[in-house]
Amino acid sequence: MPTTDTPQTAREATAARLLKISAGTSYDPDVDIDWRAPLDPGRMYAPEHRLSLAGTPLWDGLTREQRVELSKHEVASIASVGIWFEMLLMRLLLRHVSDQDPRTGHVQYALTEIGDECRHSIMFARMIEAFGTPAYRPAPLERALGKYLGATAGGVQTFAAALIAEEILDALQREAMADDSLQPLVRMVSRIHVVEEARHIRYARDELARQVAGAGPVSLAYSRLMIGRAAWTVTHSLIHPGAYAAVGLDPAEARAVAWRNPAFRETLRWSAERITTYLQELGLVAGPAKRLWRSSALL
Ligand SMILES: [Fe+2]
Ligand SMILES: [Fe+2]
């Protein structure tokens, strides 16, 4: 319940606003998406300039059909990793509120967000099913680190990690939903996700600032490293090497080409720009963790 304590009052004010918006604009992908509409074989699944190989000699050697196919597998890979992150975020949010007063708006909004993420993961899963691609997953080490984070993360790590994944996806999806040359299914899924994620981002940004203000120096130093490593996991997991193999490319070679591709590195940096700047303002991108941010292609 709100008290005279300032952070608590601010926390409840944010939650009240977000609960109201959630009640007004929430989607049910089951009814809001026409899952029977066929995919258009001629349309790309993502803007060409955002694909990881665009602009490289490997890309120049692909036919139009291979490029469309690669765009499908890259979107499927990002959506699959999105599901993995959302499942992790649901665990982190549950841990965050488990011991708090369920009468507060802060707890009720966290539960509302878990409900959103639950529907998002089903929506992404159905989209991947409709694509007919594999559900790509992060590498075993990244999955193990995710389990560790899921079991141990405190508030600073929870909301910083959530924001890195949410803001990168948000930037890519805002562009996709506005591009009328793309597959309508990708545009609709993107639009639903962008609308509902806007409030998740608000919730996490406000709460992260409060969590940082309440954290001690030792815990902040540890959090910086964990957050930097989470950023590394996000950028390195987005495009699974299997996406390249699906169009007949050597997966290891294509992955190396993508990571050297200045256009792809710029896409990663651009997609994370808002959250990188915000975390820098909060002092969370500093010290030894900066190396992780650089090797994530985000600085
Ligand atoms: Fe989501
Ligand atoms: Fe979210």
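Student: Which residues coordinate the iron ion (ligand 1)?

Tutor: In this predicted model, the iron ion (ligand 1) is coordinated by E86 (OE), E117 (OE), H120 (ND1), H193 (NE2) and E197 (OE), at 2.0 to 2.2 Å. Along the chain, these donors follow the spacing E-x30-E-x2-H-x72-H-x3-E.

Student: How are H193 and E197 placed in helix 8?

Tutor: Helix 8 covers residues 184–213, and because H193 and E197 are 4 residues apart in it, about one helical turn separates them.

Student: Is H193 buried or exposed?

Tutor: H193 has a relative accessibility of 2%, so it counts as buried. E197 is also buried, with a relative accessible area of 2%.

Student: And what are the protein donors of the iron ion (ligand 2)?

Tutor: They are E117 (OE), E166 (OE), E197 (OE), E197 (OE) and H200 (ND1), which lie 1.9 to 2.4 Å from the iron ion (ligand 2). Their spacing along the chain is E-x48-E-x30-E-x2-H.

Student: Where do E117 and E197 lie?

Tutor: E117 is in helix 5 (residues 105–131) and E197 in helix 8, so the pair, 80 residues apart, links distant parts of the chain. Both residues, E117 and E197, are buried.

Student: How far apart are the two iron ions, ligand 1 and ligand 2?

Tutor: The iron ions are 3.6 Å apart, and E117 coordinates both.

Student: Changing topic, where is K147 found?

Tutor: K147 is in helix 6, which spans residues 140–152. Its relative accessibility is 62%, so K147 counts as exposed. K147 and L88 are 59 residues apart in sequence, with 7.8 Å between their C-alpha atoms.

Key
Residues are numbered from 1 along each chain as its sequence is written. Chains are lettered from A and ligands numbered from 1 in the order in which they are written. This is a predicted model: local features need pLDDT of at least 70, side-chain atom pairs count only at pLDDT 80 or more; totals for chains, interfaces and linings use all residues. Side-chain values use heavy atoms; hydrogens and water are left out. Donors are N, O and S atoms within 2.8 Å of the metal (3.2 Å for Na, K and Ca); water is not among the atoms, so sites may look incomplete. Helices (H or I, at least four residues) and strands (E, at least two) are DSSP runs, numbered from the N terminus. Buried means under 20% relative accessible area, exposed over 50%, partly exposed in between (1.4 Å probe, protein chains only).
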